[in-house]
Amino acid sequence: MSDKESKNLQVKPKQKSTSHAEQTRPGLIFTPNVDIFETDHDITLLADIPGVSADDLTIDLRKNVLTLTGEVKPSEGADEEAVMIEYDTGKYHRQFTLSSVIDQSKIDAKLNDGVLRLTLPKVREATPRKIEVTAG
Amino acid sequence: MLYRRLLNVPSWGFDRPFREFERLRREMDDLYGALSGGTLPMPSAGVFPLTNLTEDTKNYYVRAELPGIKSNELDIQVSGEGISISGERKIPEEGENVRYHRRERDAGKFSRSINFPGQVDVDKVEASMENGVLRVIIPKSEAAKPRQITVK
């Protein structure tokens, strides 16, 4: 397909997490779809996490392991009965190991319309310094 | 439905029996699918976006996960018979000097139509987008609402 504009979106069923770590609370866990790209200065991660509000999203980075966890609160009313159910809701969870050293103080996270945009700036390499040796 | 009323079980979430049974049934389906080599996905029309339709005595509720799509980029049409949701998901280019490690998010056009099981009141439809989830509330028409009949 040469014309990118005419492409139709295909159904992609939500991916249930295959992690076997035991949970303390029951519920479904899904793996969010992500885009990850890198420039010379930073790594950017985009994740589709529909239904997660900023308060229910946890981003954790320790020892080069980035963990994303998002809770989805059910929005259904008490008396609603299912007529046709094509997707489930639950927690989103995904972990990544980062190869570069990240400047933790400059991490930027934005959540818009169910998409998380996480910018992880790389630590600047120490700029080479020329050391003058003076004869004493 | 009767048993739920009799037992006075609190509704929705994991306490809700029919919902839990349904989830269990799907998990069993997944299991059998895995055993027989194939996977049986959730029942779906195979058209984006995956949509949930629920009802209570007053309304139908249509929900769909549409991350990254703004409300003004969606076209929603409701008629007496059904609803159609269409639009396009755009993923902007991120510049020339980027190296992609993963690209799992898709862009493209979509169009989905769903029929309601009963008659609806087209004039009072409400739609909202929150955190990338579309919710449309469609009131049932007066004629289609269940009525409580008192036995004399």
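The model is predicted, so local features need pLDDT of at least 70 and side-chain atom pairs pLDDT 80 or more, while totals for chains, interfaces and linings use all residues. Residues are numbered from 1 along each chain as its sequence is written, and side-chain values use heavy atoms, leaving out hydrogens and water.

In chain B, three strands form an open, antiparallel sheet in the order S3-S4-S6. Strands here are DSSP runs of E with at least two residues, numbered from the N terminus, and two of them pair if DSSP finds at least two bridges between them. Strands S3 (74–78) and S6 (108–115) of chain B each have a single partner strand, so one side of each lacks a neighbour in the sheet. Eight bridges join S4 (residues 82–89) of chain B to S6(B), where B:Ser113 stands opposite B:Ser84.

Turning to the rings, four aromatic pairs are counted over all chains. Rings of Phe, Tyr and Trp (its six-membered ring) pair if their centres lie within 6.5 Å; planes under 30 degrees apart are stacked, over 60 edge-to-face and the rest tilted. One of these pairs is A:Phe30 with A:Tyr92, tilted because the planes meet at 50°, with centres 6.5 Å apart. The two residues are 62 residues apart, in strands S2 and S8 of chain A. Buried means under 20% relative accessible area, exposed over 50% and partly exposed in between (1.4 Å probe, protein chains only). A:Phe30 is buried at 3%, and A:Tyr92 is buried at 4%.

Technical notes:
Chains are lettered from A and ligands numbered from 1 in the order in which they are written. Helices (H or I, at least four residues) and strands (E, at least two) are DSSP runs, numbered from the N terminus.
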